[in-house]
Amino acid sequence: ALSDLGDFTHWVDYWRGFQWKSVEIVHAPDRQSALNDSKSVARLQNASAVWISGGDQSRLAERYAGTPIESALLSVVSRGGIVGGTSAG
């Protein structure tokens with residue numbers, strides 16, 4: 001499978017320009033990782049905003065739907081945070 005991690009340096013620099021407390025990348029390379037990624041879930045539990053980059057919508061859904069990461073994203077919204085994205089994100 002092709003890696004979709006890429007180099008997000010440009011985006012991290014862009015978001016840090018807003019001088020938020022923290023900007024971090026959350027990425028699971030595959031569904032199995034998304035099911036067992038407690039570190040990313042912990043990051044999302046402390047997040048007030050999440051930006052999901054574009055890509056293949058079906059791949060994002062296949063990877064994250066029904067996982068603890070999806071639950072953590074929903075939790076961001078339920079506590080008044082923001083979840084947004086581009087394209088498939």
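Here are a few friendly notes on the core and the aromatic rings of this predicted model.

1. Let's start inside. The largest nonpolar core has eleven residues, among them Ala28, Val41, Leu44, Tyr64, Ile69 and Val76. Helix H3 (38-45) and helix H5 (68-78) are the elements that give two or more residues to this core. H5 gives the most, with four residues.

2. Leaving aside its neighbours within four places in sequence, Ile69 is in contact with Ala28, Ala34, Asp37, Ser40, Val41, Leu44 and Tyr64.

3. Now turn to the aromatic rings. A search of the whole structure finds six aromatic pairs. One of them joins Trp15 and Trp20, which are stacked, at 5.5 Å centre to centre with 20° between the planes. Is Trp15 buried or exposed? Trp15 is buried, because its relative accessible area is 19% and the cut-off for buried is under 20%. Trp20, at 45%, is partly exposed.

4. Trp15 also pairs with Trp51, and here the rings are tilted: 5.5 Å centre to centre, with 50° between the planes. Trp15 lies in helix H1 and Trp51 in strand E1 (residues 49-52), so this pair ties together parts that are 36 residues apart in sequence. Trp51 is partly exposed, with a relative accessible area of 42%.

5. Step back to see the group: ring pairs link Tyr14, Trp15, Phe18, Trp20 and Trp51 into a cluster.

6. Finally, look at the surface. Trp11, Tyr14, Phe18 and Trp20 form a nonpolar patch there, and together they have about 460 Å² of accessible area. Trp11 is found in helix H1 (residues 9-16) and is partly exposed, with a relative accessible area of 42%.

Terms used:
Residues are numbered from 1 along each chain as its sequence is written. This is a predicted model: local features need pLDDT of at least 70, side-chain atom pairs count only at pLDDT 80 or more; totals for chains, interfaces and linings use all residues. Side-chain values use heavy atoms; hydrogens and water are left out. A nonpolar core is a set of buried Ala, Val, Leu, Ile, Met, Phe, Trp, Tyr and Cys residues joined through side-chain atoms within 4.5 Å. Buried means under 20% relative accessible area, exposed over 50%, partly exposed in between (1.4 Å probe, protein chains only). Contact means heavy atoms within 4.5 Å. Patches are made of residues with over 30% relative accessible area and no salt bridge: like charges are joined within 9 Å, nonpolar side chains (Val, Leu, Ile, Met, Phe, Trp, Tyr) within 5 Å. Accessible areas come from the Shrake-Rupley method with a 1.4 Å probe; for residues, only the protein chains shown count as cover. A salt bridge is a side-chain nitrogen of Lys or Arg within 4 Å of a carboxyl oxygen of Asp or Glu. Rings of Phe, Tyr and Trp (its six-membered ring) pair if their centres lie within 6.5 Å; planes under 30 degrees apart count as stacked, over 60 as edge-to-face and the rest as tilted.
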